[in-house]
Amino acid sequence: MGHFKYVYLGGGQGGGYAAAEFVKQGVKPGELGIVTADHYVSYERPTLSKGYLKAEGAPRLPGFHACVGGGGDKQTPDWYKEKGIEYLTGTKVESVDIKNKTLKVASGGEDITYDKLIIATGATNITLDSFGAKNAHLKGIHYLRNVDDADALVAYMKEAKQVSKKAVMVGGGYIGLEVTANLVQNGFEVSMVFPEDRLMAKMFNEEMAKFYEKYYENKGVTLIKGDTVTGFEGDGKVQTVELKSGKKLEASLVVVGVGAKPNTELFKGQLDLLEDKPGGVKVNSQLQTSNPDVYAVGDIAAFPLTLYGGKVTRQEHVVNARLSAAHAVKAIFGSKETYDYLPYFYSREFDLAWQFYGEPSEDYVLHGDLDSGKFGVYWIQDGKITGAYSESASDEQNAALKQVALKRPDAPSKDELKSMGYDFALKVAHQPQQLELEHDNNGDVRTIFGWPAPSVYRTSAIALATFIAAGFYFRSQRRHSAS
């Protein structure tokens, strides 16, 4: 039986960032084990739906191992060996015994025990057969979650073109937009099928959606809204996609992106899980589960969104994977800092590039020029701006939008907000943060954002406010970086 003081279960995107933080904290050789069924050490997963599928100049490993996306080292397998970290790739864990701190490895592998465990088992793609779609396992139907999936898709694109250049993308969300752009650039004629009434329905309002829908249609994409896939036809390989409406679409290639579900099966009956939305393993603001020796990070963690009233959320995004992994390590080593995550998403399709910070709502103001493709959106809740979005903005403008989402300023009139556009964000970004001080249960002074203040400042409110105001900008830049 192998034993590690610390075990990171899952590898994935965050494994590299956790390892880097363990090294910063002084982990000793042999103390940390990273266990994953993946065949590769940690890599930057956004690459898979972006550059990896490009027709020319596509990146390949080892070029995008973590932590290059976050500005850190490129951590190849040799990096882990040099640090004395045992990275167990191709190791599937079939059960976890939380009480006895034991991971049972499949296929007769040696059991692994631990003192502290970080769960990063991520999420699994929702498949069409779970909706009852017939023949959902024909060759040519692809999902995208890891390098193996991406390699299979790249290889089959070449094979599919020998039959026809017709492809179907099932799903009109984040992955759907990015994969469709790549398929078009690879020479496919793409039909997108999704049940919602517009693209990216969870984020885009009608005005935003119309811009992107028109843009994609101008690229030759056919959008089929309000419809679902009921099955496939083909002699071993997909040839036709059947829709609920009765339509049939020719396709030599199908890619599916209809969401994912958190991998919680190993922990049922052992940790507090959320059966309803958002699902996942419930953690506190330290990312600690109901068992004090177990932490959960990344896609699987259901954590309190402290910047937005503490509501519990899951965030399936690279930035959360990076930051939560590092945060859990710090917590294990004694940090009392709360996980104050700012929701963030970004994407690049064709020559478009958008970023989003905060939370969307029904009430919004769109500014800029939709026709030129340079515009932005502010979302408003209870008189405050709680979300900000940009399309084709400058780095300075995007940095300012981040500050708007963090500070949640009072919203001016909609006419004023529309007129000012990014100038409003730039103005907010350069204003000193107004802070309210409170005390936690230990009597320590903390800000409204939950960052503990050093005891040396407790006797001086002025000094404390100065310290936090100065630190706020730099901390937010570092911890919510948008690479």
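What follows is a conversation about a predicted model and the terms used to describe it.

Student: What makes up the protein in terms of helices and strands?
Tutor: The protein has 11 helices and 27 strands. Of its 483 residues, 53% count as buried.

Student: Why is Arg-198 called buried?
Tutor: Happy to take that one! Arg-198 has 18% relative accessibility, and buried means under 20%, so Arg-198 counts as buried.

Student: Where is Arg-198 found?
Tutor: Look in the loop between strand E10 (189–194) and helix H6 (206–218).

Student: What does Arg-198 touch, leaving out residues up to four places away in sequence?
Tutor: Arg-198 touches Phe-204, Asn-205, Glu-206, Ala-209 and Glu-213 on that count.

Student: What makes the pair of Arg-198 and Phe-204 a polar contact?
Tutor: A polar atom of the Arg-198 side chain lies 2.7 Å from the backbone oxygen of Phe-204. The cut-off for a pair of N or O atoms is within 3.5 Å, so the distance of 2.7 Å meets it.

Student: Let's turn to the sheet. Why are strands E12 and E13 said to pair?
Tutor: Four bridges join E12 to strand E13 (residues 240–243). Pairing takes at least two bridges, so E12 and E13 pair. The two strands run antiparallel, and Glu-233 stands opposite Thr-240 in E13.

Student: What is the order of the strands in this open sheet, and which are the edge strands?
Tutor: Three strands form the open sheet, in the order E12-E13-E14, with antiparallel pairing. The edge strands are E12 (229–233) and E14 (248–250), as each pairs on one side only. From one strand to the next, the twist averages 25 degrees.

Student: Now the helices: how is the packing of two helices described?
Tutor: Two packed helices are described by the angle between their axes and the distance between the axes. For helix H1 (residues 14–24) and helix H7 (residues 318–332), the angle is about 35 degrees and the axes are 8 Å apart. H1 passes H7 in a right-handed crossing.

Student: Which residues make the contact of H1 with H7?
Tutor: On H1 they are Gly-14, Tyr-17, Ala-18, Glu-21 and Phe-22. On H7 they are Ala-321, Arg-322, Ala-325, Ala-326, Val-329 and Lys-330.

Student: How do these residues of the contact of H1 with H7 divide into nonpolar, polar and charged?
Tutor: They divide into seven nonpolar, one polar and three charged.

Terms used: Residues are numbered from 1 along each chain as its sequence is written. This is a predicted model: local features need pLDDT of at least 70, side-chain atom pairs count only at pLDDT 80 or more; totals for chains, interfaces and linings use all residues. Side-chain values use heavy atoms; hydrogens and water are left out. Axes are lines fitted to C-alpha atoms, for helices over the stretch in contact, and angles run from 0 to 180 degrees between N-to-C directions. A crossing is left-handed if the near helix is turned anticlockwise from the far one by less than a right angle, and right-handed if clockwise. Contact means heavy atoms within 4.5 Å. Ala, Val, Leu, Ile, Met, Phe, Trp, Tyr, Cys and Pro count as nonpolar, Asp, Glu, Lys and Arg as charged, and the others, Gly among them, as polar. Buried means under 20% relative accessible area, exposed over 50%, partly exposed in between (1.4 Å probe, protein chains only). A polar contact is a pair of N or O atoms within 3.5 Å; within protein, one must be able to donate a hydrogen and the other to accept it, and residues adjacent in sequence count only if both atoms are side-chain atoms.
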